[in-house]
Amino acid sequence: MDMGISGRTALVCAASKGLGRGCAEALAAEGVNLTICARTAETLEATAAGIRAKTGVEVKTVACDITTPEGRAAALAACPQPDILVNNAGGPPPGDFRQFTHDDWIRALEANMLTPIELIRATVDGMIGRGFGRIVNITSSAVKAPIDVLGLSNGARSGLTGFVAGLARKVAPQGVTINNLLPGIFDTDRIVATVTAQAKAQNVSLDEARARRMKSIPAGRFGQPDEFGRACAFLCSVHAGYITGQNLLIDGGTYPGTF
Ligand code: NAD
């Protein structure tokens with residue numbers, strides 16, 4: 001299916017690895033020119049070179065921390081008028097809420113709620129003016145079914161979700177959609193680190209720890225970043241103009257509810 005977005009411009013945040021990279025690659029495969037950012041220049045440049053070689057699209061890079069005002073300014077200077085914005089950043093650490101300090105909460109809110117809102121604020125009026133825009137926020141299945149040790153994530157991402165639900169209805173008349181993608185467990189560096197820790201704690205091999213984790217997923221496997229990226233590309237396509245303000249779980253059937 002032709003997604004109808006060839007030649008469009010996208011800003012994809014936190015995209016040198018994992019889910020952000022999956023989104024960048026899938027958009028590039030549809031002919032979208034990219035600006036991608038991540039904190040480590042070397043990994044970012046390697047990702048950009050790979051995408052350019054595979055797809056021939058233009059890929060600008062900005063090595064920055066997107067959760068800081070300076071980082072956002074640098075990303076927006078490289079890509080001031082994106083047609084597509086994919087919001088992403090690292091997730092907050094786990095822990096018991098009794099130990100979270102005020103500063104921990106501020107960091108989580110900055111990264112997973114206020115940074116996406118700031119980037120939307122900076123880009124949505126341009127999209128409205130051009131009569132086309134697609135905003136996708138990478139959040140978490142924790143928004144739909146909270147994960148007890150991820151209180152910072154549950155809270156900060158729910159704040160973003162509530163804000164987006166309101167704004168999506170306001171910008172819909174001008175051809176701008178805003179949706180959230182909620183990953184379950186995907187095979188990224190972040191999950192490798194988690195499963196490695198579980199393997200140590202359970203005194204089993206990494207393979208055994210992975211197998212145990214997969215058993216809890218109806219699909220029987222972890223998700224792959226490229227399939228996450230394809231879902232993102234569809235939400236950014238011309239065919240998804242009637243889908244807005246939605247929260248799409250991509251979790252291999254893990255969430256047990258009917259809807
Ligand atoms: P990952 O560690 O594989 O990749 C993270 C990417 O983000 C890297 O490119 C890194 O450089 C970049 N990054 C991190 N913090 C940044 C910052 N402050 N500024 C700029 N770039 C930054 O992680 P992932 O698994 O792809 O996760 C992406 C997001 O999705 C995270 O918020 C994570 O909490 C959330 N999530 C992931 C899963 C999963 O199963 N992988 C599940 C639920 C939620």
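**Close-ups of a predicted model**

**View 1. Where two strands run side by side.** In general, the strands of a sheet are paired through backbone hydrogen bonds, and the pairing can be parallel or antiparallel.

**View 2. Zooming out to the open sheet.** Seven strands make up this open sheet, with parallel pairing and the order β3-β2-β1-β4-β5-β6-β7. At the edges sit β3 (59-63) and β7 (247-250), each pairing on one side only. Ignoring direction, neighbouring strands of the sheet are turned by 15° against each other on average.

**View 3. Two helices lying across the strands.** Helix α4 (residues 102-130) lies across β4 (84-87), β5 (133-138) and β6 (176-183), and runs at about 170° to β4. Helix α5 (residues 151-171) lies across β5, β6 and β7, and it runs at about 155° to β6.

View 4. Helix α2 (residues 41-55) has 15 residues and reaches 21 Å from its first C-alpha to its last, close to the 21 Å expected at 1.5 Å a residue. Which of its residues are buried? They are L44, T47, A48 and I51. Down the axis of α2, these buried residues fall within an arc of 100°, so they line one face of the helix. Their cover includes α1 (18-29), β2 and β3. Just after α2, G56 takes a positive phi of about 80°.

Conventions. Residues numbered from 1 in each chain as written. Predicted model: local features only at pLDDT ≥ 70, side-chain atom pairs only at ≥ 80, totals over all residues. Heavy atoms only, no water. Pairing = 2+ DSSP bridges. Helix = DSSP H or I, 4+ residues; strand = E, 2+ residues; numbered from the N terminus. Axes fitted to C-alpha atoms, helices over the stretch in contact; angles between N-to-C directions. Contact = heavy atoms within 4.5 Å. Expected span 1.5 Å × (residues − 1). Buried < 20%, exposed > 50% of the residue type's maximum accessible area, 1.4 Å probe, protein only. Arc of directions from axis to C-beta.
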